Amino acid sequence: MSSNTPHIEISASSPTVGVVLGDWNAAQLTQPGQWQQATQALSQAANKLGSAGSWQLAADCQLDHLGAQALLTVWGKVPSQLSLSDQQNAVLRRVADFKPPELPKPPPFLRQFSERFTKRMRTIRAEAGDGIALLGQLM
């Protein structure tokens, strides 16, 4: 494993500290299988540390929006006990605070289709009945 490959280590000095190492960025996480490996290792460490554990992002850890999303996907939210640089904090908070716009609800096509079809069938039935009545009057 190269030094820039995203990975997690449990601190040797304190077994309740998870250290995020490597480059948690698009260049690394989009390598084949890397996202799965990184998030799985992070998930295992999070389970091992539990809610009482703390996290530390290494000073040389490059973090971009994709890396922040990977971390937040496993953590669920920014941990209360997290040590990181100002730049890493800015990226992580920006991703954590992002709320996607609400998409408009799609129109209920099936319901509209059903209503139109039913209305059209009633109209056809009424017109057919009128046509038969006219035909009967002619005979």
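This is a predicted model: local features need pLDDT of at least 70, side-chain atom pairs count only at pLDDT 80 or more; totals for chains, interfaces and linings use all residues.
The crossing of α3 and α4 is right-handed. On the side of α3, the contact is formed by H65, A68, Q69, L72 and W75, and these residues meet V91, L92, V95 and A96 of α4. By class, the residues in the contact of α3 with α4 comprise seven nonpolar and two polar, with no charged residue.

Two packed helices are described by the angle between their axes and the distance between the axes. The crossing of α2 with α3 is right-handed. From α2, the residues W35, T39, L42, S43 and A46 take part, and their counterparts in α3 are L66, Q69, A70, L71, V74 and W75. Eight of the residues in the contact of α2 with α3 are nonpolar and three are polar, while none is charged.

Attention now turns to the empty space in the model. Rolling a probe the size of a water molecule over the atoms shows where empty space is left. The largest pocket has a volume of about 220 Å³. Its lining consists of A46, G50, S51, G53, W55, V74, W75, K77, V78, P79, S80 and Q81. Six of these lining residues are nonpolar, five are polar and one is charged. Among the lining residues are A46, V74 and W75, which also take part in the contact between α2 and α3. W75 belongs to the contact of α3 with α4 as well.

Technical notes:
Residues are numbered from 1 along each chain as its sequence is written. Side-chain values use heavy atoms; hydrogens and water are left out. On a 1 Å grid over the protein atoms alone, a cavity is a set of points where a 1.4 Å probe fits but cannot get out, and a pocket is an open set with protein on both sides within 12 Å along at least five of seven lines; lining residues have an atom within 4 Å of a point. Grid points are joined across faces, edges and corners, and a volume is the space filled by probe spheres set on the points. Ala, Val, Leu, Ile, Met, Phe, Trp, Tyr, Cys and Pro count as nonpolar, Asp, Glu, Lys and Arg as charged, and the others, Gly among them, as polar. A crossing is left-handed if the near helix is turned anticlockwise from the far one by less than a right angle, and right-handed if clockwise. Helices (H or I, at least four residues) and strands (E, at least two) are DSSP runs, numbered from the N terminus. Contact means heavy atoms within 4.5 Å.
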